[in-house]
Amino acid sequence: MANKKLLILAGDGIGPEVMSQVLRVVDWLAKKRNLVFDISEGLVGGCSYDKFGTPLSDQTLEAALAADAVLLGAVGGPKWDSLPFEVKPERGLLRLRKDLKLFANLRPAFVFDALAEASSLKTELVTGLDIMIVRELTGGVYFGEPRGIETLPNGERRGVNTQVYTTSEILRIAEVAFELAKKRGNKVHSVEKANVMESGLLWREEVQKLRDAKYPEVALEHMYADNCAMQLVRNPKQFDVIVTDNLFGDILSDCAAMLTGSLGMLPSASIGAADAKGNRKALYEPVHGSAPDIAGRDIANPLATLLSFAMMLRYSFDMEEDALLLEKAVKTVLDGGLRTGDIMQPGKAKVSTSVMGESIVRELNKLV
Ligand code: IPM
Ligand code: MG
């Protein structure tokens with residue numbers, strides 16, 4: 001079997017240093033598990049803008065289209081804040097999502113027992129928490145037309161974005177959510193603002209129709225987005241799978257992520273439609289940002305990126321056993337008391353990014 005082609009886009013800020021820890025695991029898989037990836041690297045975000053004048057060059061986009069999977073670090077930073085919208089680092093990420101047609105964004109929010117106390121909620125509310133947020137990623141107000149800022153005849157300015165969804169866009173994301181729910185707790189919350197938005201009403205109706213026609217065994221509840229935000233901090237364990245649009249998904253996934261104690265812990269996957277051979281384009285990235293304030297100091301938490309790599313092994317390459325090994329190594333290292341600064345707790349040992357990466361590899365060696 002040909003080696004899988006993996007494109008690494010470390011990006012800006014802490015991206016490169018957390019990505020280096022993944023490369024340790026890639027080496028380990030080659031040596032100990034005989035799993036060799038063909039790795040190539042490229043630029044995305046501010047670093048790409050600095051070199052090419054664009055946050056995503058055509059060359060990098062082509063490499064992404066040709067890869068079996070893409071692993072991304074993070075993009076953005078104050079250095080590029082004043083750039084025009086079209087060349088901001090974030091546009092590079094958005095173009096990747098759009099041009100690879102990655103319509104389904106999977107954002108798990110789970111709590112490691114060792115970190116339950118780090119949550120801002122009471123420990124009993126979050127212990128054992130395991131939510132999967134399924135965020136629509138290539139539609140809605142992020143991409144809807146018309147959009148822009150115009151100057152009106154009276155000199156006033158007007159900013160416009162458009163929230164828009166079609167039936168097929170709603171059905172394909174809902175299908176991902178129902179399929180995931182079947183392998184989990186068999187429960188889906190579909191989230192919108194059907195009380196004020198027509199696109200939300202359409203969303204609600206289409207999700208319900210799909211459930212009735214194809215997934216009668218999955219429990220479906222509809223919830224307004226504001227209520228969902230409130231329920232997430234009131235009683236998060238009521239949720240299994242949440243399916244929602246691009247903007248609500250952006251917001252609610254940050255909220256869910258924080259429940260787990262650290263944004264620095266959470267992975268994500270963005271997945272496209274299956275082609276004729278059943279292969280899907282996919283991009284994996286940590287939920288956290290580029291954290292420019294701590295970049296280059298070897299103190300960032302690499303676990304979200306390592307766990308994103310585990311998701312890649314599972315969803316893109318069907319390497320469940322290796323994904324579980326890596327997840328187990330993360331859990332064991334945390335149980336053993338090692339912490340990066342962002343998840344530091346009294347009585348634990350504070351370690352650097354690279355020591356955390358080395359410890360994961362040491363643990364993997366013990367597990368195999
Ligand atoms: C995210 C981020 C992005 C988004 C930004 C960086 C464009 O917040 O992935 O959640 O809004 O989708
Ligand atoms: Mg976000």
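Domain 1 covers 1-111 + 262-368, and domain 2 covers 130-259. These bounds come from an automatic or database domain assignment. I noted the contact between them: 22 residues from domain 1 and 22 residues from domain 2 take part, with contact meaning heavy atoms within 4.5 Å.

The model is predicted; local features need pLDDT of at least 70 and side-chain atom pairs pLDDT 80 or more, while totals for chains, interfaces and linings use all residues. Residues are numbered from 1 along each chain as written, chains are lettered from A and ligands numbered from 1 in written order, and side-chain values use heavy atoms, without hydrogens and water.

Next I went to ligand 1. Around it I listed Glu 90, Arg 97, Arg 107, Arg 135, Tyr 142 and Asp 250, each with a heavy atom within 4 Å. By class the shell holds 5 charged residues, 1 nonpolar and no polar; here Asp, Glu, Lys and Arg count as charged, and Tyr is among the nonpolar.

I then checked polar contacts (N or O atoms within 3.5 Å). A polar side-chain atom of Arg 97 is 2.7 Å from an oxygen atom of ligand 1. For Arg 107 the distance to a ligand oxygen is 2.8 Å. A side-chain N or O atom of Asp 250 also lies 2.8 Å from an oxygen atom of ligand 1. On its own, ligand 1 has 320 Å² of accessible area, and the protein covers 74% of it (Shrake-Rupley method, 1.4 Å probe).

Key. A polar contact is a pair of N or O atoms within 3.5 Å; within protein, one must be able to donate a hydrogen and the other to accept it, and residues adjacent in sequence count only if both atoms are side-chain atoms.
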